[in-house]
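Colleague: Before I rely on the terms used for this fold, could you take me through what each of them rests on?

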Amino acid sequence: MTLAPAPARDSARPRNPLSLRATLIIAALCALAIMWLNEDTHRRATQTLLEIQQGHAARATVNMLVRRLVEAESNQRGYALTGDRAYLEPYTAALESIDGLLKQLNTRAPREVLDSDAMLSFRNLLSQKIGEMALTVRMRQEDRPEVVNFVVTSNVGLEQMRAFSLQADALIAQAEAIVATKRAEVFRLLNVSRFGLAAGVLAAFFAFFLYVNQTRALREADSRQKQLLEAERDALESQVRERTARLTELANYLQQAVEDERAHLARELHDELGALLTAAKLNVARVKSKLPKDAVDVTERLQHLTETLNQGIALKRRIIEDLRPSSLSNLGLVASLEILTREFADRSGIEVVTALEPVDLDANSELTIYRLVQEALTNIGKYAKANKVHVNLKNYVYHAEVSVTDDGVGFDPADLPQSSHGLVGMRHRVEASGGRLDVNSQPGRGSRVSGTIPRRSAKQQQELAAAVSAMSADSYKASPAPLTPPDAAR
């Protein structure tokens with residue numbers, strides 16, 4: 001038996017399995033690019049803003065230096081003209097402030113300003129002016145008025161102050177130029193960040209669009225694949241059902257053929273072998289009747305031959321009953337089961353208790369029940385080592401139920417050997433009649449085999465009640481209580 005080949009599945013798969021991966025890679029690269037651009041822009045913008053702040057600080061510091069120098073010059077001139085030492089204190093404070101401002105300028109000014117020629121000239125002019133003021137103060141302290149008058153009345157101080165102011169304005173202009181340049185750089189970085197972010201968002205939308213398309217294509221491919229698989233499964237299930245139906249039909253046919261062959265063999269044994277054995281027995285009786293009374297030895301031999309023929313006839317009858325129970329068609333199912341259980345008890349020495357209700361089934365169903373009980377008793381006699389067996393036959397409205405329970409060694413139904421064809425044959429026979437076979441057992445706790453056979457038509461409740469009331473009450477009283485099945489004992 002062969003099944004049809006499976007349909008091709010390659011056509012349902014996506015044509016380009018790397019597209020979805022490429023889309024995800026593009027999206028990841030876009031995200032990384034946006035993150036890198038944002039981080040680089042932030043770093044450069046922060047540095048530029050810091051340089052702008054340094055430019056502002058340099059401009060403010062230069063302005064403050066000019067103020068402090070003007071303040072120091074005013075106090076220096078006041079001291080030189082009046083000689084009042086009260087001018088020295090603000091003069092000294094202004095010089096100290098100039099020293100502090102120079103240190104701030106060294107740390108807060110941009111590198112371009114500190115390294116420029118303008119800064120060098122600014123420092124030189126500042127040093128010259130401070131030196132000129134210090135000389136004037138010292139000359140005044142040494143009481144040299146002619147030198148002081150020359151310094152005060154000449155234009156040297158004014159020219160130095162003018163040159164210093166011009167250099168300070170140039171330095172401030174340089175700082176402002178740097179600030180303006182850095183502001184332009186900040187605006188450029190903001191524009192780069194804005195356009196880069198917009199480009200990254202567009203790229204992300206594009207990648208998302210590709211991802212959605214690929215996902216939809218994959219869903220459609222999965223749907224086609226599922227449809228192909230469902231079609232393949234339906235085809236396989238149809239073929240399996242067809243093959244199963246054929247095998248079931250074949251098994252039923254073989255089973256029926258076996259029963260027919262058994263019936264034919266039983267008839268042949270009954271007609272041919274039975275006639276031969278009966279004729280031989282009659283001939284022995286005729287010969288025995290014609291012997292003289294003193295032929296004791298011959299008479300004993302003929303008597304032994306008669307007993308042997310009787311055993312052969314009994315063996316023939318038992319074989320015929322095993323092949324095709326004549327009692328089933330002549331006496332009915334209940335009587336056949338009673339005969340079967342009684343003969344089994346006589347042969348095996350096992351006590352058999354029966355509780356059999358009359359049932360109204362077709363011939364095949366009755367034969368199925370008979371064979372089930374027969375096979376169950378055979379297995380019990382071979383393997384169970386039981387002391388007591390209980391056989392029940394129950395008649396219900398829609399089905400009949402037969403069960404065989406023993407108190408033997410039991411077995412594990414899930415661990416049966418491959419050669420255990422008896423239970424398999426019972427199950428197939430019961431299922432072929434539309435019924436169900438249940439096997440319940442545990443090692444050391446006995447076993448219970450039960451079969452449920454459906455009726456072709458539901459039994460009328462009135463007929464069922466009449467059948468139950470017609471049963472002999474004495475048979476129930478004489479029968480002991482049934483064995484507890486393993487399931488109930490558990």
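Modeller: Two strands pair if DSSP finds at least two bridges between them, and strands (E, at least two residues) and helices (H or I, at least four) are DSSP runs numbered from the N terminus. This is a predicted model, in which local features need pLDDT of at least 70 and side-chain atom pairs pLDDT 80 or more, while totals for chains, interfaces and linings use all residues. Residues are numbered from 1 along each chain as its sequence is written, and side-chain values use heavy atoms, without hydrogens and water.

Colleague: What makes strand 2 and strand 3 a pair?

Modeller: Strand 2 (residues 388-395) and strand 3 (residues 399-406) share seven bridges in the antiparallel sense, where at least two are required; histidine 390, for instance, has threonine 405 in strand 3 as its bridge partner.

Colleague: Why are strand 1 and strand 4 said to stand at the edges?

Modeller: The open sheet has five strands in the order 1-2-3-5-4, with mixed pairing. Strand 1 (351-356) and strand 4 (436-441) each have a single partner strand, so one side of each is left without a neighbour in the sheet.

Colleague: Why are helix 2 and helix 4 called roughly antiparallel?

Modeller: The axes of helix 2 (residues 88-108) and helix 4 (residues 117-141) cross at roughly 160°, with axes fitted to C-alpha atoms over the stretch in contact and angles running from 0 to 180 degrees between N-to-C directions. Angles over 145 degrees count as roughly antiparallel, under 35 as roughly parallel, 65 to 115 as roughly perpendicular and the rest as oblique, and helix 2 and helix 4 are therefore roughly antiparallel to each other.
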